[in-house]
Amino acid sequence: MTKKIELLAPAGNKEKFYTALHFGADAVYLAGKEFGLRAFADNFTVEEIAECCAFAHKYGKKVYVTVNVYGKNDDIKRLPPYIKQLKQAGVDAVLVSDAGIFDVVREAEPTLPIHISTQANTTNVAAVKFWAKQGAQRVVLARELSLSEIAEISAETKGKVEIEAFVHGAMCISMSGRCLLSNYLTGRDGNYGECVQACRWEYEINEVSRSQEKLTLQEDARGTYILNSKDMNMLAHIDKLAAAGIDSFKIEGRMKSPFYVASVVNAYRRAIDAYYKEGQNFKIDPVLENELQLTSHRQYTTGFYFGDYDRQCYETSKPKQIGIFIATVLNSDGQFVEVEQRNRFAVGDVLQVLAPDGNFLKQIVVEEMYDLDGNKVDDAKIVQQRLKINCNLNLHKFDVLRK
């Protein structure tokens, strides 16, 4: 049987790590406290990475660690001991974008698998073959490729190197994230994980000799977002992605919330499983498509996959979210469920369950609610308060309640 497609999820902290695996991710990618491209995520100490690896391996899952900064001389000097620590921690691969860092990793730990980050801008079959010859186990392709281009790459490199591609989440306006805008405007270097997403800001344009006259690029009272990309969403095209020969479907979002991770991983896990069950009769369930409307997102696009380059978002840079993240489940005894509050709710509210099992979309009417000291609570308005809610469902840790 052909190896099943891997579902790869983001983990910006430990809660998101456990949430991703709970909802069905086959692997997660995360960063240490340095050398990664999400400096403002919580990220992980080496000890925490080791803990995550041990947990993931117990359930047959994998952990990949990003080492994809564009390193300078001082970085290169400090890198070998860190790579040795990652190997000892049990990571399944590291992601790199720089040829020098690739060599440092190979010399420090020759048996540690290396994945080539999308930051390396790999856009053609020759480049993929090059990385394969260097010993890379996997190449994460640039987002600027169509399905037909990916299929050609896969056909010519099958058996030599694995192919990974982003299928969901935010997209950079610049070539696979190689951007100087944040650095230029704020001094925060996106190529060192400090991007402030300046491309999401609202801009105006004027002709030089008429500096006070702002020109309108589009007649829209809300503004024009000429740099702001829509979010990718390929959920309905799982079969086409598989046919193109992609080995790993990657979800963007280490800076996103646990609710985002739960919603998106749950939808893609169920869609991938449906694809393997239904084969050529695969058709996306509208219920799963709706799941991606409930969590935070900008307008959706299929990016470059179908060659239409429909990326720009002209309406607004602000994400929207229909669903409200109410609480995360801590444990359940079949009579009460203990939760950690995330948004305000009250007795009388109807909450919906987001879960990887048969409890998915079931509802709970909040009839009774208590704090952990046994005091009755009618209005849960204390952030992250732990509460017990009447519930006859057998829920599990990391399940989510929403409105």
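Good morning. The model is predicted, so local features need pLDDT of at least 70 and side-chain atom pairs count only at pLDDT 80 or more, while totals for chains, interfaces and linings use all residues. Residues are numbered from 1 along each chain as its sequence is written, and side-chain values use heavy atoms, with hydrogens and water left out.

Let me begin with helix α9. Helices (H or I, at least four residues) and strands (E, at least two) are DSSP runs, numbered from the N terminus. Helix α9 covers residues 258–278. The expected span of a helix is 1.5 Å times one less than its number of residues. For the 21 residues of α9 that gives 30 Å, and the end C-alpha atoms are 30 Å apart, which agrees. Just after α9, glycine 279 adopts a positive phi of about 60 degrees.

A salt bridge is a side-chain nitrogen of Lys or Arg within 4 Å of a carboxyl oxygen of Asp or Glu. The structure holds 20 of them. In one, lysine 4 meets aspartate 273 at 3.3 Å, N to O. This pair links distant parts of the chain, since lysine 4 belongs to the segment before β1 (6–10) and aspartate 273 to helix α9, 269 residues apart. Lysine 4 counts as partly exposed, at 40% relative accessibility, and aspartate 273 is also partly exposed, at 33%.

In another, the side chains of aspartate 26 and arginine 269 come together at 3.1 Å, N to O. Aspartate 26 sits in the loop between α1 (14–22) and β2 (27–31), and arginine 269 in helix α9, 243 residues apart. Aspartate 26 counts as partly exposed at 23% relative accessibility, whereas arginine 269 counts as buried at 11%.

A further salt bridge joins two strands. Arginine 138 and glutamate 164 meet at 2.7 Å, N to O. Arginine 138 is in strand β6 (residues 138–140) and glutamate 164 in strand β7 (residues 162–170), 26 residues apart. Arginine 138 is buried, with a relative accessible area of 3%, and glutamate 164 counts as buried at 0%. Both belong to a network of salt bridges that links Lys3, Glu6, Arg138, Glu162, Glu164 and Lys250.

Next, the aromatic rings. Rings of Phe, Tyr and Trp (its six-membered ring) pair if their centres lie within 6.5 Å; planes under 30 degrees apart count as stacked, over 60 as edge-to-face and the rest as tilted. How many aromatic pairs does this rule give? The count comes to 11. Phenylalanine 17 and tyrosine 18 form an edge-to-face pair, because their centres are 5.0 Å apart and their planes at 80 degrees. Both residues are buried. Phenylalanine 259 and phenylalanine 325, by contrast, are stacked, at 5.3 Å centre to centre and 15 degrees between the planes. Phenylalanine 259 lies in helix α9 and phenylalanine 325 in strand β13 (residues 325–332), so the pair ties together parts that are 66 residues apart in sequence. Ring pairs also link Phe17, Tyr18, Phe55, Tyr59 and Phe398 into a cluster.

Now strand β20. Two strands pair if DSSP finds at least two bridges between them. Strand β14 (residues 336–341) pairs with β20 (residues 386–390) in the antiparallel sense over 5 bridges. Strand β18 (residues 369–371) also runs antiparallel to β20, joined by 3 bridges. Lysine 388 in β20 is the bridge partner of glutamate 338 and stands opposite tyrosine 370.

Finally, the cysteines. A disulfide is a pair of cysteine sulfur atoms within 2.5 Å, and the count here is 0. Thank you.

Terms used:
Buried means under 20% relative accessible area, exposed over 50%, partly exposed in between (1.4 Å probe, protein chains only).
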